[in-house]
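These are my notebook entries on a structure that I examined with its sequence at hand. I set down what I looked up, topic by topic.

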Number of protein chains: 2
Amino acid sequence: MIKIAIIGSGNVAQHLITVFQKTATVKLVQVFARKKETLSTLVPEALVTSDLSGLKEADLYIIAVSDDAISDIAAQLNFTNKLIVHTSGSSGMEVLGNQNRKGVFYPLQTFSKTKAVDFKTVPLCLECENEADYQLLEAVANAISDKVYRISSEQRQSLHVAAVFSCNFVNHLYQIGDEICRENNIPFEILFPLIQETADKIKTLSPQAAQTGPAIRRDQKTIERHLAFLKDNPERTEIYQLLTESIQKNND
Amino acid sequence: MIKIAIIGSGNVAQHLITVFQKTATVKLVQVFARKKETLSTLVPEALVTSDLSGLKEADLYIIAVSDDAISDIAAQLNFTNKLIVHTSGSSGMEVLGNQNRKGVFYPLQTFSKTKAVDFKTVPLCLECENEADYQLLEAVANAISDKVYRISSEQRQSLHVAAVFSCNFVNHLYQIGDEICRENNIPFEILFPLIQETADKIKTLSPQAAQTGPAIRRDQKTIERHLAFLKDNPERTEIYQLLTESIQKNND
């Protein structure tokens, strides 16, 4: 059994606590939470400590706290030469300092407290300073997910940018779609099948091959009609023009 | 039995031909195709004509041709005062001329020839000049889909713009995500669960409530790191800045 401790009590920490308690090959020996009661429904009280200096012996310490708090927490650990990892997509490995052996255990998914997640499908992006530690981290990751990737700090930074485009920005375009529908008394749900099909298609076609619509068809008449429709909203107009041009430039 | 004829042999026509042959309440009495052989695997030869002036009697004629061809086809029909509809999202009802009673039967989905579509889930946007015709059109739509909406020409125009934002532009952001991944030797599939979750979330939360990421958190440190990463690509930089600003402005 690989012994792990989880430091943190936020969204990611809570999901990890839940899933690691169900595995056969990994044993959760302790959880650190500033306020013990936060975790009262998730984990037996005996497993929780609010004393960072009294952490039990473990093979791996997972620091699942906000980006800004990682280096503080790492500096407060009163042991050396253990394997510690953080769970952040946008922080380098170096924020963990030099007191311990370092790595990253980054689950690439949006977690909300109220929604259960099937961890088997969550991509886990792993990185370690040395290969022996990587093997251990990989065994821990394989215990909860079928999607384990070796991703360097540099790659992880680019992945985080790609995720902003493919998810946060995508969601913002959904918001604009929703607003246009509501302004015209159309239920937004009318777009759900099309949104779903758009997300599905790219699993079998490249996004470039999957593109449709007036921009890629260079259907100038329709584009002009759309711009006329948007004319009172400079922000939507700018987004429409910029993305239309970008589609046309990148698909010549 | 409601008798319908379909005029056209492209993507949308082929999907309609396939699905209407399976219904109990609607009878497909004829299909017009300029080249009869296009439909040889889809429909019995006796049902196909390439003579527009010899169309059989039907309760409804569905003109499923490209936007530019609709008015030509409508003008060539050698009958009057029948119910004719087109299937276009971006054309008004008036392109059908005044020779016949008019309507629109717009399936809001992307169709590709090679991929089967479960028509039950395809939103059908209907419009008619008069109520009796609307009832008939609605009965035809209900025979193939569970998602039937009454949508005016004006609403349909706004819906088309909303679909460009929520689908074509979304797909373009997927393309940028794909490119960033490939440039950094990361398999794009690593983003699929996040893309799927982003598309799923808005079925239960508004896109506004579902937003996450550095823009909405006003995490300026991360935004600056991302812009530094993108600095050699002015186009991606502009998209990143514009969408980040738009997220922040619209979620104050």
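The entries below take up the model, its copies, its domains, its sheets and helices, and its cysteines.

**Entry 1. Basis of the notes**

I am working from a predicted model, in which local features need pLDDT of at least 70 and side-chain atom pairs count only at pLDDT 80 or more, while totals for chains, interfaces and linings use all residues. Residues are numbered from 1 along each chain as its sequence is written, chains are lettered from A and ligands numbered from 1 in the order in which they are written, and side-chain values use heavy atoms, with hydrogens and water left out.

**Entry 2. The two copies**

I looked up how chain A is placed relative to chain B.

I then turned to the interface, with contact taken as heavy atoms within 4.5 Å. Of the interface residues of chain A, 100% are also interface residues in chain B, so the copies meet through the same surface.

**Entry 3. Domains of chain A**

I found chain A divided into domain 1 (2–151) and domain 2 (156–249), with bounds that come from an automatic or database domain assignment. The centres of the two domains of chain A, taken over C-alpha atoms, are separated by 37 Å. To their contact, domain 1 of chain A gives 13 residues and domain 2 of chain A gives four residues.

**Entry 4. The sheet of chain A**

I took helices (H or I, at least four residues) and strands (E, at least two) as DSSP runs, numbered from the N terminus. Two strands pair if DSSP finds at least two bridges between them.

In chain A, eight strands make an open sheet in the order 3-2-1-4-5-6-7-8, and the pairing is mixed. Strand 3 (48–49) and strand 8 (148–150) of chain A are the edge strands, each pairing on one side only.

I followed strand 4 (residues 60–63) of chain A, which pairs with strand 1 (residues 2–7) of chain A in the parallel sense over four bridges. A:Ile7 has A:Ile63 as its bridge partner, and A:Ile6 stands opposite A:Ile62. Strand 4 of chain A also pairs in the parallel sense with strand 5 of chain A, over three bridges; here A:Tyr61 is partnered by A:Ile84.

Is strand 4 of chain A covered on one face or on both faces? Both are covered: A:Leu60 and A:Ile62 on one side, and A:Tyr61 and A:Ile63 on the other, are all buried. Buried means under 20% relative accessible area, exposed over 50%, and partly exposed in between (1.4 Å probe, protein chains only). I note that in a regular strand the side chains alternate between the two faces of the sheet.

**Entry 5. Helices on the sheet of chain A**

Helix 1 (residues 11–20) of chain A lies across strand 1, strand 2 (26–32), strand 4 and strand 6 (101–107) of chain A, at about 155° to strand 1 of chain A. Axes are lines fitted to C-alpha atoms, for helices over the stretch in contact, and angles run from 0 to 180 degrees between N-to-C directions.

Seven of the 10 residues of helix 1 of chain A are buried, so this helix is largely enclosed by the rest of the structure. Among them are A:His15, A:Leu16 and A:Phe20. I found these buried residues packed against strand 1, strand 2, strand 4, strand 6 and helix 3 of chain A.

Helix 3 (residues 131–142) of chain A runs at about 160° to strand 7 (124–128) of chain A.

**Entry 6. Cysteines**

I searched for disulfides, defined as a pair of cysteine sulfur atoms within 2.5 Å. The whole structure has zero disulfides over all chains. For A:Cys125, the nearest cysteine sulfur is that of B:Cys181, 9.8 Å away. A:Cys125 is buried, with a relative accessible area of 1%. For B:Cys128, the nearest cysteine sulfur is that of B:Cys125, 13 Å away. B:Cys128 is buried as well, at 15%.

**Entry 7. A residue of chain B**
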